Amino acid sequence: MTRIGFIGSGKMAQALARGFIASGRVEASNIIASSPKSDVALLEQAKILGINTTHENTEVSHNSDIVFIAVKPPHVSKVASEIASSFRRDQLLVSIALGITIRNIEALLPSKSRVVRVMPNTPAVVGAGASAYSVGSACLDGDSRVVQELLSTVGYAVEVPEVYIDPVTGLSGSGPSYMFAAIEGLADGGVKMGLPRDLSIKLAAHTLLGAAKMVLETGEHPAVLKEEVQSPAGSTIYGIHELERGGMRGLLINAVEAASNRSKNVGDQNLPRQSIPDEAEESEKETPQTPNTTVKRQNKK
Ligand SMILES: NC(=O)C1=CN([C@@H]2O[C@H](COP(=O)(O)OP(=O)(O)OC[C@H]3O[C@@H](n4cnc5c(N)ncnc54)[C@H](OP(=O)(O)O)[C@@H]3O)[C@@H](O)[C@H]2O)C=CC1
Ligand SMILES: O=C(O)[C@@H]1CCC=N1
């Protein structure tokens with residue numbers, strides 16, 4: 001069975017690990033996860049899940065066929081460099097880090113390293129994730145299929161050109177947060193009109209779930225489904241009028257745009273230092289606490 005490693009054991013790594021285990025595709029004993037020594041919570045979580053843990057990122061790499069990098073963008077350069085000297089061609093590196101490009105990571109690893117960039121989302125934990133991924137130039141023919149199969153165990157998975165990953169981040173990577181806010185808002189509305197809080201939250205969540213299922217299962221355009229709920233002079237058009245007045249669709253477009261741009265900018269700010277040695281060394285001397293923030297994007301190929 002494929003051995004999976006997670007460098008970084010935070011929220012997204014745990015969501016994926018739980019989802020993989022729940023799907024039955026990966027056994028907990030075949031998963032190893034690392035975190036800094038300061039992270040005691042990892043051990044508690046790991047005990048519950050039955051996965052292996054370590055404070056050494058190299059141990060994760062040594063013991064995995066697929067190594068997930070699941071740390072925040074400023075830590076990617078450090079952890080990739082740690083595992084670089086022992087990273088093998090028979091291993092696949094999968095980065096889920098915000099903004100960091102395949103080329104950035106390839107620059108930190110031995111040449112011809114097989115790198116895949118994935119933007120997952122947290123509903124993977126309940127098998128209802130949405131992930132988009134892109135494969136690096138050194139990947140083998142079967143790598144896309146392996147990643148597709150693995151991510152499909154925790155929801156919808158699709159291969160896309162890497163240029164789509166920032167917009168995907170703004171939409172489905174960050175999207176669960178927008179939808180939780182929508183559920184909260186709907187539930188508040190129910191409470192305002194006299195419904196108990198628990199009932200309101202359940203009705204709001206099932207309403208989003210049902211609407212999403214209808215879009216996916218009927219194949220109808222959302223506009224058609226939206227209009228089907230609106231009787232002339234009925235209640236829904238009154239509600240929709242308020243949403244339009246508040247600019248709901250414009251706000252959602254703005255949210256996706258802002259989060260996409262943030263993903264792109266974070267990538268620009270966290271380029272690996274090794275790719276531009278002179279500039280990076282200068283930057284490090286000037287701002288030792290916040291390296292990597294002044295270098296510009298470089299195309300190596
Ligand atoms: N949360 C989400 O919905 C999604 C997140 N992502 C991306 O996934 C990545 C992780 O995000 P998320 O899980 O939310 O973040 P978390 O902060 O929950 O997890 C990051 C983990 O990395 C650990 N860490 C920090 N430095 C190191 C190191 N040197 N070696 C090993 N582990 C280290 C942190 O430990 P400690 O806390 O002790 O510092 C922490 O456990 C990010 O790049 C994020 O953009 C992508 C899609 C969705
Ligand atoms: O906000 C973040 O940094 C990550 C990326 C996508 C969702 N969460």
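Modeller: Two residues are called in contact if their C-beta atoms, placed from the backbone, lie within 7 Å. The model is a predicted one, in which local features need pLDDT of at least 70, side-chain atom pairs count only at pLDDT 80 or more, and totals for chains, interfaces and linings use all residues. Residues are numbered from 1 along each chain as its sequence is written, while chains are lettered from A and ligands numbered from 1 in the order in which they are written.

The shell around ligand 1 holds 28 residues, with G8, G10, M12, D39 and L98 the closest; a residue belongs to it if its C-beta atom, placed from the backbone, lies within 6 Å of the molecule. By class, this shell has 13 nonpolar, 11 polar and four charged residues. Here Ala, Val, Leu, Ile, Met, Phe, Trp, Tyr, Cys and Pro are nonpolar, Asp, Glu, Lys and Arg are charged, and the others, Gly among them, are polar. Helices (H or I, at least four residues) and strands (E, at least two) are DSSP runs, numbered from the N terminus. Both α1 (11-23) and α4 (73-84) supply at least two residues of the shell, and the largest share, four residues, comes from α4.

M12 is part of helix α1. M12 counts as buried because it has 23 C-beta neighbours inside 10 Å; the term requires 20 or more other C-beta atoms within 10 Å of a residue's own, whereas 12 or fewer make it exposed and values in between partly exposed, with C-beta atoms placed from the backbone. Beyond its neighbours within four places in sequence, M12 is in contact with A70, I96, P120 and T122.

A70 lies in the loop between β4 (66-69) and α4. A70 is buried because 30 C-beta neighbours fall inside 10 Å. Its contacts, again leaving aside neighbours within four places in sequence, are F6, I7, G8, G10, M12, A13 and I96.

Strand β4 is covered on both faces: I66 and F68 on one side, and V67 and I69 on the other, are all buried. Strands pair if DSSP finds at least two bridges between them. Strand β1 (residues 4-7) runs parallel to β4 and is joined to it by four bridges, with F6 partnered by F68. Strand β5 (residues 92-95) also pairs with β4 in the parallel sense over four bridges, and there S95 is the bridge partner of I69.
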